[in-house]
Amino acid sequence: MKIEQVDVEHLAREYGTPVYVYSLAVLREFIAEIKPLAPVVRYAMKASSNWRILQEMRDQGIKIDAVSVMEVKRALRAGFKMDDICFTSDVFFNSGEADYCLENDVFTNCGTLGMLEEYGRTYQKLGRGRAGVSIRINPGEGAGHSKKTNTGGPYSKHGIWYQNLAEVHRICGQYGLKITGVHIHIGSGGDMEHLKRITGKLVEYAKEFPDVKIVNFGGGLPYQYRTDQPQADISEYRPILEERINVLEKHFGRPITCEIEPGRRFVAGCGYLIGEVRALNHTFDESGKRLDYVLTNIGFCHLLRPMAYGSYHPITFVGGSLGPEQDLIIAGPVCESGDVLTQENEEPVPRKLPLPSAGDLIVVGGAGAYGHVMSSNYNTQPLLPEVVVDGDQTLLARRRQSLDDILKEECPPE
Ligand SMILES: Cc1ncc(COP(=O)(O)O)c(C=O)c1O
């Protein structure tokens, strides 16, 4: 198996396993597909904040959606200008971050009345910063691949509830703010039908704010992880967004900027996680049926999605003598029985795959979004290296952590 022109065996030998690998060719294909959808396209950098991916976005004219002040600062370090960045959150992490946003002219998108109020108080206290601010609205419904990634509706903490917009006017009046942006993001991993329909609601909310210049329809473009099914057609999103903006431009009699900010659809497909099969194991269930486990060195400390959401990722084994296809449960090295790559609803789910042997490679696909960024040092496992492939070239964009790296923030007694 190759990633662009590079054999996965070569990548494993050169960089060790597990290792995250990103294909620039695939990334560029997804950028080319998404960029025409709206006049301003942001990348939700939470999906992968690898510097080489950020650099590619910047070079291709994609702007940034940051969901923390740390992400704002990381984007600046990757070469974005402050004007390229929109900061969306439901809280300032602490009052120092509110000061930072006002002092540094960060375009801020407030997802709660409390955050908007803190923005206003800080604006008054400092006597500087942008009076123009954006609000994230919870339209009363959402969609996502899991409850945990559905960010709209009554059970989501995100966004100013759509019936509370009068309060927004009150806060703006009190502190001299202007709502120049309105935004929704109803969830991650939902479907196009939902997205298309909900855009109409934002148009109605936008009409309530006479100073609005920017209407941001959020992210949430679907990505199909199953390789036997086609990717959702997203091209039909563009005419819908254009129609929504036309309505608003007619209403206000001036230009309105349309923005979107996907993450997953940009990067999920360009990422692979290469690991190694370390051992086979088997058990027998209550009825005497044999369950075969393939234990690899890829754990939920490296790729959390299967464990957190029961997410499906394509799996390929690479080895000289793979056996016939059979039901296999693919697991990792972490000391916790939930450490299973093939699971749904917190249960291991066998998958038909050719039987590998210890020493063979495992390649997990669709690992570019919410992969490395969600990894941890659980079980004192070092964070993984990230390698970027461009044709026949490879670049180590991030080295493997060492035990010293993990321990360096500890403060043992002298
Ligand atoms: C505010 C915001 N915008 C955009 C996104 C990107 O979503 P997705 O990766 O599904 O496109 C997210 C992620 O949930 C988000 O929280």
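Predicted model: local features only at pLDDT ≥ 70, side-chain atom pairs only at ≥ 80, totals over all residues.
Residues are numbered from 1 along each chain as its sequence is written.

Spanning residues 237–252, helix 9 has 16 residues and reaches 23 Å from its first C-alpha to its last, close to the 22 Å expected at 1.5 Å a residue; the expected span is 1.5 Å times one less than the number of residues. Helices (H or I, at least four residues) and strands (E, at least two) are DSSP runs, numbered from the N terminus. The buried residues of helix 9 are Tyr237, Leu241, Arg244, Ile245 and Leu248. These residues lie on the same side of helix 9 because they cover an arc of only 95° around the axis, the arc being that of the directions from the helix axis to the C-beta atoms. An α-helix has 3.6 residues a turn, so residues three or four places apart point the same way.

The buried residues of helix 9 have helix 8 (192–206), strand 11 (214–216) and strand 12 (257–260) as packing partners. Tyr237, in helix 9, is buried because 22 other C-beta atoms lie within 10 Å. Beyond its neighbours within four places in sequence, Tyr237 is in contact with Leu37, Met192, Leu195 and Lys196, contact meaning that the C-beta atoms of two residues, placed from the backbone, lie within 7 Å. Tyr237 and Pro210, in turn, are 27 residues apart in sequence and 26 Å apart in space, C-alpha to C-alpha. After helix 9 comes Gly253, with a positive phi near 70°.

Backbone features elsewhere also deserve a look. Thr17 and Pro18 are joined by a cis peptide bond with omega about -10°, and Pro18 lies in the loop between helix 1 (8–15) and strand 3 (19–23). Although not a glycine, Glu4 has a positive phi of about 50°; Glu4 sits in the loop between strand 1 (2–3) and strand 2 (6–7). Glu4 is partly exposed, with 15 other C-beta atoms within 10 Å. Glu346, not a glycine either, has a positive phi of about 65° and belongs to the loop between strand 17 (343–344) and strand 18 (347–348). With 9 other C-beta atoms within 10 Å, Glu346 is exposed.

On the scale of the chain, the domain assignment gives domain 1 (38–262) and domain 2 (269–407), with bounds that come from an automatic or database assignment. The contact between them takes 14 residues from domain 1 and 18 residues from domain 2. On the side of domain 1 that touches domain 2, there are 4 nonpolar, 6 polar and 4 charged residues. Here Ala, Val, Leu, Ile, Met, Phe, Trp, Tyr, Cys and Pro count as nonpolar, Asp, Glu, Lys and Arg as charged, and the others, Gly among them, as polar. The centres of the two domains, taken over C-alpha atoms, are separated by 33 Å.

Note on methods
Buried ≥ 20, exposed ≤ 12 C-beta atoms within 10 Å, placed from the backbone.
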